[in-house]
Every structure is written in structure tokens, then in C-alpha cells.
Amino acid sequence: MLVRAQEALAGTLRQPRVALREGRAALRQARSCPPSVQAWCLLAIGDARLKLFQIDAAATALQRALDLDAAVTGTGGLGEAREQGEARDSGEARECGEAREPGEAREPGEARESGECGGPAEGGEPDEPGKPGEPGEPGEPGLPRPLVLRLRLTLASARLLHGDADGAWALIDAASAELAADEARARATGAERVFGPLDVGTLRDRRARLLIEAERPEEALPELDAAVEIFAGAGRDEATLIALNNRGLVHLQLRRYTAARADLERVETLAARTGLFLVAAAAAENLGYLSYLLGSYPAAVEAFGRAERAQAQCGIEPGQLWVDKAKLLLALRELPEAEVAARRAAHLLRAQRKWMLYPTAHLLLADIALLAGDHETAIAAAGSAARAFHRVGREQSAALARLTLLRARYAAGIPVQAGRARTLADALAEAGHVSPAVEAGILAARIDL
């Protein structure tokens, strides 16, 4: 069963639906196996569901695996963190849902690994392990610590996608502390380390993803440089390509377009050649966005088409790709088509419960409505986007949404304070958003006239 679970886990980047079925089948047969075998099955299930954007079900499976460890060791595990995270998640869903579907900067995110709409778990029955038994004495050996580390880091990705950045950081910090303690113990006693270089590389890659979402790409870059070096040195091609794709995204955010293209083209070529369709799709989408930023719209259309075909090979439809299509259509001033794409993005991101990205669709709808002269819709959508970005800690994106809100209010004849526009201009300039900062400054000057 252990081999079957690990094979399912390895297949999540190629055929996540098949991997999910294999992981569930392995779990059914592993109910009488040791907790570590059941935990590997749950890790494969959780990772596959994450690739399919079944985020709630992924988090549940991963937490159940961690609960197995808590049951064996007699510790509290992560139950408290989970309950807090779930409360935030459900609240986030309500808040983001208040404004029904009524930015030019690349919206931060982890490697673009596309997935279908979230929703109920497939297969009927829940992903239940066997009975863990009575809790043991505190300190009793539980699951292998590298396995627990991997569960925590994968759960952190689920929390992040769900908009619970605090919960994700808590898991990353706990993993960092455990690796630091292991290193200190090994130095002090000369004992063999529990965690190896690959564990360090995985932690640095996941930490980088959180830094990207927190709109701190300059801090994410050294983490990804280290992760790429570790994975490549260990011959871990899949992990190397994922980290390279994330690094290409960071280069995009830092406007280092030559470096971004080098990383992303390498990833797409190698991933497509080895059947890693989700990674190939992510790189193609990021290359499309690079072409969009450089004004090469035909190349952007071609790259988005490659991404869509790669995702179709996995039978999935991402919300992020529709966001990028909407941005491209908006740049081409194809407003009706852009609105259709933005609304499709909002529908998918909401269904997938990707609250970190969901506000982006509302900001796009606001920008489209503003250009179309629908000031009322623009005001409502921009206000919703600004509040939602703030709730998930994306303050730079919230500033972009507030700029659209001020522009819409000014266009509608609603009084706007020039001081607010100047404050936004300063904040956007400091964050490196040059064009929006200029727009905010021009708006302030117009208000003063």
C-alpha cells in the first residue's frame, strides 16, 4: 500500500484525477495498516485534490493525516490552528460573496497549476483513515518527521489558496522551527539529522510561495534560488521545474523579463517533454502574461492557447487563465469579450474557493465597467475588490483597487479628495507600480483644478 500511495503522489502533476482515484483506493486497502501508511495515502489524496482545486477536501485529508500523528503521540497536533483557519475561511467566503459578480500588475500566486472547480469530494465517501486508537503518551514516536513536515507544507498551500495566510504562515513557521531544532541537535550531539537537504528545499520553495502571495517577490527570489540549487543537485527534476516556474513568476513581478523568459521557456519545454502537463501549462500561461506585458499580444494569445491545451489534457479548467485572458482582452479594448472572461474567472475562482485570487476578477470587472462608462458597476466592483484584497493581506493590490474606485467616483461626479489620490500615488510608486502611480498623480491634479 505504501508503494501505491507514493506512486499516486508522484502522479499528481501528470494526471491528478487518476492520482486521486489511486490514493483513495490505497487508503481503502490501508485501513488496517500502520498510521504512517494511511498518512501517505492521505497526503497523495490531499495533494491531488489541491491540484484539482478541491481545496476544502484537500485540507481535510491533510489534517486527518496530521491527526493520526497527534493520536499516536498524544499531542494536540494542529487542531487549534485548523479550527481557527476554518473559521477564517468560512468568514472569508461570506465576505467575498457579499458583492456578487458585478490592474495591470501580475497578480501574485504560486506556480500556476491549473485545476477544476472545487466542490464536493469525488467518490462518495469521505477520505477517512482507519481508527487511530487511543492517544499515546506524550513524546511517543508518531509518524516519520519528514512525512509530518511534508503534510504541514502541503496543508500550508491549501490554507494559502483559501485566503488564510495566517494559518499558512503558522504551518511554515512550525516547520522552520522543527528543521532548526534538528540542525541544532545534530551540531550539539553529532547525531544524524532527521531532515535532509530535500526537506530544506521543499520548505524554502513553500516559504517563497507565501512571500509571492504577500507581494514580497524580492524576498522570495533567494528562497527559490536555493530551492532550485538543492533540487537540481539531488536530481529531482519535477521539484526543480516547479521551483523554476515560481522563480520565473518572481522575475516577472520584479520586471526582470529576460530572466523570466529564460526560466519559463526552460520549464515549458522540459515539462511538456516529460508529461508534466500542469507545470507546462503554468509556464505557458506565465509566458503568455510576459508577452502581454511586453505588448506582444499575438504571442500572448498563442501562449494562453498552449496553456489551455495542456490543462485540457488533465481535464481541468483554471480560473487564473480566464483572469489573464480578460486582461489581454481589456488591453485590446474588446470590452464585451473581456467582461465575459472576467465573469467566468470570478465564477471559477469562487467555486474553487481561491479567495486570494478571487478579488482580481472583481477588479477587472471594475476596470471594464469604468471604460464602458458604467460608473455605478465600477464603483461597486472596485470597492468589493479593495475590501477583499485587504482581508487577505494583499495591500498593493488593494491600492490598485482603491485607485480604480477613486477614478470611478470622479468620473461619476462624486466628490473625491485630492489628498487621497496623492497618498495612493506615493504608495503605488513606492511599490514599483509606475503607471498606476502616474494615473493617481494625474487624478489628484485634475481634482485640484
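Is Arg333 buried or exposed, and what is its relative accessible area? The views below are of a predicted model, in which local features need pLDDT of at least 70, side-chain atom pairs count only at pLDDT 80 or more, and totals for chains, interfaces and linings use all residues. Residues are numbered from 1 along each chain as its sequence is written, and side-chain values use heavy atoms, with hydrogens and water left out.

**View A. Arg333 in the loop between helix H14 (319-331) and helix H15 (335-351).** Arg333 is exposed, with a relative accessible area of 52% (exposed means over 50%, buried under 20% and partly exposed in between, with a 1.4 Å probe and protein chains only). Its phi is near 60 degrees, a positive value in a residue other than glycine.

**View B. Phe53 in the loop between H3 and helix H4 (55-73).** Phe53 also has a phi near 60 degrees, positive although the residue is not glycine, and counts as buried at 5% relative accessibility.

**View C. The second largest pocket, with about 770 Å³ of space.** A pocket is an open set of points on a 1 Å grid over the protein atoms alone, where a 1.4 Å probe fits, with protein on both sides within 12 Å along at least five of seven lines, and lining residues have an atom within 4 Å of a point; the volume is the space filled by probe spheres set on the points, which are joined across faces, edges and corners. Of the 33 lining residues, Arg150, Thr202, Arg206, Arg236 and Ala239 lie nearest the centre of the second largest pocket. H6 gives the most to this lining, with eight residues.

Technical notes: Helices (H or I, at least four residues) and strands (E, at least two) are DSSP runs, numbered from the N terminus.
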